Amino acid sequence: MTAQPSLGKAFRSIGKDLLTVGDLPRTAIAALLRQASVLKALRRRRVVHQPLAGLTLGLLFEKPSTRTRVSFEAGMSQLGGQSLFLSTADIQLCRGESIADTARVLSRYLDALVVRTYDHGIVDEWAQHAAIPVINGLTDLHHPCQALSDLLTIQERRGRLKGLKLAYVGDGNNVANSLIEAGVRMGMAIAAACPKGYEPDLRTVDLAREEADKTGGSIHMTDNPLVAVKEADVIYTDVWISMGREREQSRRIKTFAPYQVNERLLKAARPDVLVMHCLPAHRGQEITASVLDGPHSVVLDQAENRLHMQKAILVALLKERRRQDARN
């Protein structure tokens, strides 16, 4: 049985690439959420849906990955396409070939490219020179695919996004930046509790505050976790030591100790609060085992929804590209 659910006109506003949530209008985010829900339902019913048959996705990773790599590879396969994993150590980039030349060549072989790297400027450079859609699979500054799939999880559990409060506790990293962008665009109240010197990106916060004035969302920054989680519908945390920060381990563990998500912190939030973590997690550091594995945790739903949101992103970008190719 083959199903071909409609994408709707809203997908035409997603643009060529997905580099940050801040690039997406609210209508495009809402359309991605709807499409991800449709694709999830089809997957649960074992309905074959292959709108991307004959297309190839490249995955160019400088950082290790579990959820991003597997969800994109499995998702592309389920949509009828195929994927090709490219380690930067195995292609000519490692011998000095420029991103511009590599991007132009890969654009002749592939239909889309996921880039997972360190400096956000690198993924911008790929998008600038590639003729095909480029998806940010993670940079040090942004993690848009994670934040979008997190919105899907919250919407499934609460039936809405607008008016809900999400408290982010811990390191103001790439996940925090993208959650702020995503949540504010959908009218959520975001409270971020981070130690001084570890706050989210200031420019991202400033732009999100401007967006909040339009959507009814809000942003509150504090260094007090108990203040942030008061009346929170969602408590979100992430690792204290992101990839590339390993040399800071001892200092970060000491600095972030008061920011652990534990039973005491949960009691300051709403009784039905959801606990989220993008994984991998370190039990006993940023979150206790009893909370991560407890009844408030939705971390496995989060992980699963990476698959469905990744599929929605691929369909949106690649079907739009096919429409443009047909017009040309």
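**Entry 1: helix 1 and helix 5.** I note here that the model is a predicted one. I then looked up the geometry: the axes of helix 1 (residues 26-44) and helix 5 (residues 144-158) come within 10 Å and cross at roughly 70°. Angles of 65 to 115 degrees count as roughly perpendicular, and the two helices are therefore roughly perpendicular to each other.

I next listed the residues that make this contact. Helix 1 contributes Ile29, Leu32, Leu33, Ala36, Ser37 and Lys40. From helix 5 come Leu148, Leu151, Leu152, Gln155 and Glu156. Sorted by class, the contact of helix 1 with helix 5 has seven nonpolar residues, two polar and two charged.

Entry 2: I turned to the strands and found an open sheet of four, in the order 2-1-3-4, with parallel pairing. I asked which strands stand at the edges. They are strand 2 (82-87) and strand 4 (134-138); each has a single partner strand, so one side of each is left without a neighbour in the sheet. On average, neighbouring strands of this sheet are turned by 20° against each other, direction ignored.

**Entry 3: strand 1 and strand 3.** I examined this parallel pair and noted five bridges joining strand 1 (residues 56-61) to strand 3 (residues 112-116). For Leu57, I recorded Ala112 as the bridge partner in strand 3.

**Entry 4: helix 4.** I finally looked up where helix 4 (residues 120-129) lies and found it across strand 1, strand 3 and strand 4. Helix 4 runs at about 165° to strand 4.

Conventions: Residues numbered from 1 in each chain as written. Predicted model: local features only at pLDDT ≥ 70, side-chain atom pairs only at ≥ 80, totals over all residues. Heavy atoms only, no water. Axes fitted to C-alpha atoms, helices over the stretch in contact; angles between N-to-C directions. Parallel < 35°, antiparallel > 145°, perpendicular 65-115°, else oblique. Contact = heavy atoms within 4.5 Å. Nonpolar A, V, L, I, M, F, W, Y, C, P; charged D, E, K, R; others polar. Pairing = 2+ DSSP bridges.
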